[in-house]
Amino acid sequence: MTDYIAKQVFLSTEDAERLFSVSKALASEIRIEILKLLNTDSLNVNEIAEKLGIPTSTAAVNVKFLEDAGLILTELQPGVRGSMKLCSRKIDLINIELSPQTNGTVVNSFYINMPIGSYIDCKVSPTCGIMSEKACIDVEDNPRSFYNPERINAQLIWFYKGYVEYRFPNSILQHGRANLLELSLELCSEAPNYRNNWPSDITLWINDFEIGTWTCPGDFGGRRGRLNPQWWPDASTQYGMLKTWRINSEGSSIDEMPLSGIRLEDLSLNSRDYISVRIGVKEDAANVGGINIFGDKFGDHAQNIVMRIDYSNNFE
């Protein structure tokens, strides 16, 4: 299961009417505050007015601006007196392209944030374990613990060798053609306690294609991870490195460094009802040094496993 699905919209000067509408909608402190309120909750107009300390009529006018610009969704629902308009945010990211578009193509980006405990398959060897924000989930160094349903709450996963596999939705590809796939996560090697010099060959597979291997230099400690809970021991693994694998029509890379010749079209992203992502350490790797995968409340980076798909809608 996914934690959230975020939508990014592309605007250009070729679509001046919509660009003007969005710009006008954002040119108001009240409307910015409304968008902030809708970050986590859906609210009706009365609730928005109450939270911002403004008249209901003022809230309604500003909601209409945001709705007309396509930044929020509204739905009429039964209320105590008649119906009420329930508001939720529609767009998370906006890109504005000032250079002219000449090919009739609109590029959008689709983001999926996958909780690290939402894997659907695994094969791990000790040392291994799963940690939530509050405590250890099940028993450490027992691969059977990786099947505990409480794993959905994981904030730190570690194992010596093997893999975890996730399935990301690909429904967005019904609306366009993929141009780019990126996968980013925070991770490091796995050693007893921590060892900053402890290389491990960490491999990524997508739809059963081996995208490539990155050698992590160590299992990092010596200072506390920025997000770690206070109870987490200083002598344990503290943080990882944020790495980004990228696959496009030219091949695969990691942090802009060429990695392999696997291209986006090789992955046949529409061949299944999902996109399979497997992360792990091969048994025959040159450096079998384990892996730590960090959630959004452990380590240095407040994110889980994030997939980005850029796709094009061609109107020619």
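This note walks through a predicted model, point by point.

1. **Ground rules.** Residues are numbered from 1 along each chain as its sequence is written. Because this is a predicted model, local features need pLDDT of at least 70 and side-chain atom pairs count only at pLDDT 80 or more, while totals for chains, interfaces and linings use all residues, and side-chain values use heavy atoms, with hydrogens and water left out.

2. **Confidence.** The mean pLDDT (the predictor's confidence in each residue, from 0 to 100) of the protein chain is 89, and 90% of the residues score at least 70. A contact here means heavy atoms within 4.5 Å. Where pLDDT is low, the predicted coordinates should not be read in detail.

3. **Overall make-up.** The protein chain holds four helices and 17 strands; these are DSSP runs numbered from the N terminus, with helices being H or I of at least four residues and strands E of at least two. Of the 316 residues in the chain, 47% are buried. The burial classes are buried for under 20% relative accessible area, exposed for over 50%, and partly exposed in between (1.4 Å probe, protein chains only). Taking contacts between residues at least 6 apart in sequence, 71% join residues at least 24 apart. The accessible surface of the chain comes to about 15800 Å², with 49% belonging to carbon and sulfur atoms; areas come from the Shrake-Rupley method with a 1.4 Å probe, and for residues only the protein chains shown count as cover.

4. **A nonpolar patch.** Leu 26, Ile 32, Ile 94 and Ile 96 make a nonpolar surface patch of about 280 Å². Patches take residues with over 30% relative accessible area and no salt bridge, joining like charges within 9 Å and nonpolar side chains (Val, Leu, Ile, Met, Phe, Trp, Tyr) within 5 Å. Leu 26 belongs to helix α1, residues 16-26, and is partly exposed at 34% relative accessibility.

5. **A buried asparagine.** Please have a look at Asn 292 in strand β16 (residues 291-294). Asn 292 is buried, with a relative accessible area of 1%. Its side chain reaches the backbone oxygen of Ser 189 at 2.7 Å. Leaving out residues up to four places away in sequence, Asn 292 touches several others, including Leu 156, Trp 158, Cys 188, Asp 219 and Thr 237.

6. **Backbone geometry.** The peptide bond from Pro 126 to Thr 127 is cis, with omega near 5 degrees, and Thr 127 sits in strand β7 (residues 121-131). Asp 138, although not a glycine, has a positive phi of about 65 degrees; this residue is found in the loop between β7 and β8 (156-169) and is partly exposed at 42% relative accessible area. Asn 193, also not a glycine, has a positive phi near 55 degrees. Asn 193 lies in the loop between β9 (177-188) and β10 (200-206) and is exposed, with a relative accessible area of 55%.

7. **Salt bridges.** The whole structure contains 16 salt bridges, each defined as a side-chain nitrogen of Lys or Arg within 4 Å of a carboxyl oxygen of Asp or Glu. One of them joins the side chains of Glu 67 and Lys 85 (3.4 Å, N to O). Glu 67 is in helix α4 (residues 56-68) and Lys 85 in strand β4 (residues 83-89), so the pair ties together parts that are 18 residues apart in sequence. Glu 67 is partly exposed at 26% relative accessibility, and Lys 85 is partly exposed with a relative accessible area of 26%.

8. Which residue meets Glu 182 in a salt bridge? The partner is Arg 246, at 2.5 Å, N to O. This pair links distant parts of the chain, with Glu 182 in strand β9 and Arg 246 in strand β12 (residues 241-248), 64 residues apart. Glu 182 is buried at 11% relative accessible area, whereas Arg 246 is partly exposed at 24%. Elsewhere, Arg 263 and Glu 265 meet in a salt bridge at 3.3 Å, N to O. Salt bridges that share partners join Glu 182, Arg 246, Glu 256, Arg 308 and Asp 310 into one network.

Definitions and conventions
Polar contact = N/O pair within 3.5 Å; in protein donor to acceptor, adjacent residues only side chain to side chain.
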